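Have a look at the model first, then read on.

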Amino acid sequence: MARPLRVQYPGAFYHVINRGNAGNAVFKSIADMEKFLEYLGKAAERFSIRIHTYCLMTNNYHLLVETPEPNLSRSIQWINVSYATYFNRKRGRRGHLFQGRFKSILIDADEYLKHLSRYIHLNPVRTKKIDSPSDYRWSSYPAFTGGEKLPKWLETNRLLSQFGKKRKDAQKKYSRFVEDVDIETIENPTTRIVGGFILGTPEFVNWVKDTFLRTRDDMREIPQLRELKPSISIEKVINAVCLEFGCDAESVIRKGRKKNLPRDIAIYLARDLTGETAIRLGRYFGKISGPAITLRYNSISNQKTNSSKSGRQIARIRRAILNSN
């Protein structure tokens with residue numbers, strides 16, 4: 001399974017989702033849900049995360065989380081492992097409780113916090129569990145609207161401040177915002193996600209790209225990067241290689257000459273940076289096979305590891321490509 005792309009930084013907001021393995025229940029009793037909320041509170045204290053919204057369903061959970069420190073993965077993993085250990089021990093079972101890695105969507109809080117909170121709080125209504133979100137005990141909605149005592153670890157001020165300065169007035173306005181909608185036609189904010197994990201304005205998306213993704217080179221391990229990273233063409237790679245070695249593009253593209261280091265480095269960087277498959281790169285570099293591309297890629301990869309000169313040279317070309325993009 002390809003690892004998910006996670007961007008972590010101080011002050012980030014996320015919509016976190018996790019589901020039961022094979023769609024199975026992760027909460028089978030009131031005690032289970034109470035235990036999960038206990039771990040949620042402990043995580044808020046242990047990792048200094050802020051929980052802005054939560055909703056526990058039979059086979060999944062949703063959270064809106066703020067991370068003053070860049071520690072989303074550690075904190076959510078701790079919650080999942082702690083709860084799964086409790087769940088398995090209680091029932092004498094083994095194996096995975098959750099369906100792989102948790103999903104996290106990086107969100108532009110100013111633009112989408114209230115919309116996502118509403119959508120999450122309406123989950124039980126959409127699934128026909130109850131008629132009103134205020135009737136569902138296992139979400140943060142009753143605490144938001146004053147129907148239940150506010151857990152000390154639940155952060156409501158940020159969201160309610162968008163509905164008024166006085167708390168009671170803000171609670172009433174938030175309640176109307178959530179409940180006075182047509183459940184059948186309300187838009188799912190997650191349909192606007194970019195790259196599978198960013199939800200925000202174009203300005204926010206571009207800021208994330210430029211700040212955190214521009215220089216990452218693990219595109220093959222994380223397929224989401226292909227959509228998010230600025231497009232790098234094979235021609236741009238070849239031009240940078242030619243500038244470094246003082247050669248012409250034809251000598252890089254054309255097959256034939258043995259020990260053609262500029263050509264091999266161009267193949268290596270094209271494989272790493274463009275997102276093209278080995279087969280397509282083979283067609284471009286003189287109609288050689290996909291395995292031949294992989295052979296040259298592995299050869300340069302080993303050479304880069306064993307030779308500091310080659311490593312510096314490749315790093316220099318890579319920087320030139322990325323900085324010009």
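## Arg296 and its partner

Arg296 is partly exposed at 27% relative accessibility; on this scale, buried means under 20% relative accessible area, exposed means over 50%, and partly exposed is in between, with a 1.4 Å probe and protein chains only as cover. Arg296 forms a salt bridge with Asp264, and the closest N and O atoms sit 3.7 Å apart. The two residues are 32 apart in the chain and link distant parts of it, with Asp264 in helix 12 (residues 261–273) and Arg296 in helix 14. Asp264 counts as buried, at 17% relative accessibility.

A salt bridge here is a side-chain nitrogen of Lys or Arg within 4 Å of a carboxyl oxygen of Asp or Glu. Helices are DSSP runs of H or I with at least four residues, strands are E runs of at least two, and both are numbered from the N terminus.

## What the model is

This is a predicted model, where local features need pLDDT of at least 70 and side-chain atom pairs count only at pLDDT 80 or more, while totals for chains, interfaces and linings use all residues. Residues are numbered from 1 along each chain as its sequence is written, and side-chain values use heavy atoms, leaving out hydrogens and water.

How many salt bridges does the rule give? The count comes to 14 salt bridges. One of them joins Asp32 and Arg91, at 2.6 Å from N to O. That pair also links distant parts of the chain, 59 residues apart, with Asp32 in helix 1 (residues 30–47) and Arg91 in helix 2 (residues 72–91). Asp32 is buried, with a relative accessible area of 0%, and Arg91 is partly exposed at 28%.

Arg158 is partly exposed, with a relative accessible area of 30%, whereas Asp110 is exposed at 62%.

## A positive patch

Over on the surface, Lys168, Lys172, Lys173 and Arg176 gather in a patch of positive charge. Patch members need over 30% relative accessible area and no salt bridge; like charges are joined within 9 Å, and nonpolar side chains (Val, Leu, Ile, Met, Phe, Trp, Tyr) within 5 Å. Lys173 sits in helix 7 (residues 167–179) and is partly exposed, with a relative accessible area of 40%.

Cys242 is buried at 11% relative accessibility, while Cys247 is partly exposed at 24%.

## Positive phi

Most residues other than glycine have a negative phi. Lys128 has a phi near 65°, a positive value in a non-glycine residue. Lys128 lies in the loop between helix 4 (123–126) and helix 5 (141–144) and is exposed at 61% relative accessibility.

Lys287 has a positive phi as well, about 60°, although it is not a glycine. You'll find Lys287 in the loop between helix 13 (278–284) and helix 14 (290–306), and at 71% relative accessibility Lys287 counts as exposed.

Key
Accessible areas come from the Shrake-Rupley method with a 1.4 Å probe; for residues, only the protein chains shown count as cover. Lys and Arg count as positive and Asp and Glu as negative; His and the chain ends are not counted. The place of a charge is taken as NZ of Lys, CZ of Arg, CG of Asp or CD of Glu.
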